[in-house]
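Q: I would like to learn how to read the features of a model. Can we take them one by one?

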Amino acid sequence: MKLFYTPNSPYARIARVATLELNLCDRIETQKVIARDPNSDLLNYNPTGKVPTLATDDGFILSETRIICVYLNHLNPEIKLVADISNGFLQQLEGMTGGFIDGIAVWVRELRRIHSEQSPGVIEFESTRALRILEYFEKISDKLDQTPKLAHITLASALGLEIRLPDLQWRQKYPKLAHWYNEFSKRPSIQATRPES
């Protein structure tokens, strides 16, 4: 199997952390690619050019993060990484963290555009949404543990985007969440997949 990734994609980071947490490194080759490269080897596997992309041993090409993580969890079902119907809270948390990382990613992408092409409306919407969701995470932080679940990995990957989003000043306002993040970030899988600054 082969997992295509870029070092700064938070979505690819989730899949890479999942690979490590599920002890699948010996079964999955990782290949670093350059996003939006018309000559990328990734396009021979996935015409969308999206990362992460997982080329499975049985010939399937998986290209959405949660789908990839479900597949990876199937390879090591003894570790329950992805929430199922038996745990409503974790399902809820997966949805919230997924929405959070999507909004943060849009915000980062918008700020990377030439200033004259940036949309103040998009930036305002996504920053307001991020702060609203951070408030939610702070309120439920006593329910967050250090168990590596997909929701926790997604949340950590989203919060890790702070290195590319100076306007996201969240640590002082949300101290319980910051404490959780600092502890979770000590995991070897999180350390090994830190985005490049």
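Q: Leaving aside its neighbours within four places in sequence, which residues is Ile34 in contact with?
A: Contact means heavy atoms within 4.5 Å. Ile34 is in contact with Thr6 and Ser40, its neighbours within four places in sequence left aside.

Q: What kind of model is this, and how are residues numbered?
A: This is a predicted model: local features need pLDDT of at least 70, side-chain atom pairs count only at pLDDT 80 or more, and totals for chains, interfaces and linings use all residues. Residues are numbered from 1 along each chain as its sequence is written, and side-chain values use heavy atoms, with hydrogens and water left out.

Q: How many helices and strands are in the chain, and how do they run?
A: Helices (H or I, at least four residues) and strands (E, at least two) are DSSP runs, numbered from the N terminus. The chain has seven helices and four strands. From the N terminus on, the order is β-α-β-β-β-α-α-α-α-α-α. The radius of gyration is 17 Å, close to the 16 Å of the globule rule for 197 residues, so the chain is as compact as a globular protein of that length. That radius is taken over C-alpha atoms, and the rule is 2.2 Å times the number of residues to the power 0.38. Along the principal axes, the C-alpha atoms fill a box of roughly 45 × 45 × 30 Å.

Q: Where is Ile34, and is it buried or exposed?
A: Buried means under 20% relative accessible area, exposed over 50%, partly exposed in between (1.4 Å probe, protein chains only). Ile34 sits in the loop between E2 and E3. Ile34 is exposed, because its relative accessible area is 61%. The C-alpha atoms of Ile34 and Ala156 are separated by 23 Å, and these residues are 122 apart along the chain.

Q: What about Ser40: buried or exposed?
A: Ser40 has a relative accessible area of 10%, so it is buried. Its place is the loop between strand E2 (29-32) and strand E3 (53-55). Not counting residues up to four places away in sequence, Ser40 touches Val33 and Ile34.

Q: Where does Asn23 lie, and what is its phi?
A: Asn23 lies in the loop between H1 and E2. Its phi is near 55°, a positive value in a residue other than glycine. Asn23 has 56% relative accessibility, so it counts as exposed.

Q: Which residues touch the most other members of the largest nonpolar core?
A: A nonpolar core is a set of buried Ala, Val, Leu, Ile, Met, Phe, Trp, Tyr and Cys residues joined through side-chain atoms within 4.5 Å. The largest one here has 53 residues, and Phe100 and Leu177 touch the most other members. Helix H1 (10-21), helix H2 (65-75), helix H3 (88-112), helix H4 (120-139), helix H5 (150-159) and helix H6 (175-184) each supply at least two residues of this core. H3 gives the largest share, eight residues. A second, separate core of six residues includes Phe4, Tyr5, Ala12 and Val33.

Q: Which residues is Phe100 in contact with, leaving aside neighbours within four places in sequence?
A: The list is Ala130, Ile133, Leu134, Phe137, Leu155, Ala158 and Leu159.

Q: And Leu144: where does it lie, and is it buried or exposed?
A: Leu144 lies in the loop between H4 and H5. Leu144 is buried, because its relative accessible area is 8%. Not counting residues up to four places away in sequence, Leu144 touches Leu93, Phe137, His152, Leu155, Leu177 and Trp180.

Q: What share of the residues in the chain is buried?
A: Buried residues make up 49% of the 197 residues. Among contacts between residues at least 6 apart in sequence, 68% join residues at least 24 apart.
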